[in-house]
Amino acid sequence: MNILLGVTGGIAAYKACDLVSQAIKRGHQIRVVMTPGATVFVGPVTFEALSGAPVMLDTFATGSAPEGVGAVEHINIAKWADVAVVAPATASTIGKIAGGIADNALTTVLLAIPRPTKTVIAPAMNTEMWEHPAVKRNLDLLESWERYAVVPPVSKRLACGDIGVGGLADVADILSAVESHASN
């Protein structure tokens, strides 16, 4: 199966490395698209080493699509995917997806995903952010479109020191959701 992984700028980005590793071990192909904020937490070279494929960082860069096809790479990689997953998904990226805002490589690719292909959203954020009405509204909207599935965060000690809901779901649970929503 071809899995498109979107990584956003949250401390849980390091867990996306394990997601790539586990997906490869299960025989899946994986391509990674990162937001600028994600690169603050994990470098693209890490994902390139784990996936064996170039990482997309720039909407208009050439050469990292599976076939290395030029300026419409965001379309090509979107069509390549049997399923997409955003893990971790920040409140900002969730809001951008719900609002149709394509201002970075990841949000541009996600808007180009063909209709039958599902996108799994695995949020990770502070409890207050998770419980904010805008985040809830955006996730409800995405799920109502039947193109998105949400793997809810878990309760744990968060990076900020708080204890509550907002931790990225277990990698095994995210990968199970990805596999169950694949279009092939």
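1. Where does I11 lie? I11 sits in the loop that links strand 1 (2-7) and helix 1 (13-25); helices (H or I, at least four residues) and strands (E, at least two) are DSSP runs, numbered from the N terminus. Because its relative accessibility is 49%, I11 counts as partly exposed. The terms are as follows: buried means under 20% relative accessible area, exposed over 50%, and partly exposed in between (1.4 Å probe, protein chains only).

2. This is a predicted model, in which local features need pLDDT of at least 70 and side-chain atom pairs count only at pLDDT 80 or more, while totals for chains, interfaces and linings use all residues. Residues are numbered from 1 along each chain as its sequence is written, and side-chain values use heavy atoms, with hydrogens and water left out.

3. On confidence: pLDDT is the predictor's confidence in each residue, from 0 to 100. The chain averages 92, and 93% of the residues score at least 70. Over residues 64-69 the pLDDT is below 50, and this stretch has eleven contacts in the model beyond near neighbours in sequence (contact means heavy atoms within 4.5 Å). Where pLDDT is low, the predicted coordinates should not be read in detail.

4. T35 is in the loop between strand 2 (29-34) and helix 2 (38-41). T35 counts as buried because its relative accessibility is 6%. Leaving aside residues up to four places away in sequence, T35 touches V7, T8, G9, T93, N104 and L106.

5. Strand 3 (residues 83-89) is mostly covered, with seven of its seven residues buried. From this strand V83, V85, A87 and A89 point one way, and A84, V86 and P88 point the other way.

6. Strand 1 and strand 3 run parallel and are joined by four bridges, with I3 opposite V83. Strand 3 also pairs with strand 4 (residues 119-123) in the parallel sense, over four bridges. In that pairing A84 stands opposite T119.

7. Strand 6 (residues 154-157) pairs with strand 7 (residues 163-167) in the antiparallel sense over four bridges. V154 of this pair stands opposite G167 in strand 7. The two strands form a hairpin with five residues between them, and G161 in the turn has a positive phi of about 100 degrees.

Note on methods
Two strands pair if DSSP finds at least two bridges between them.
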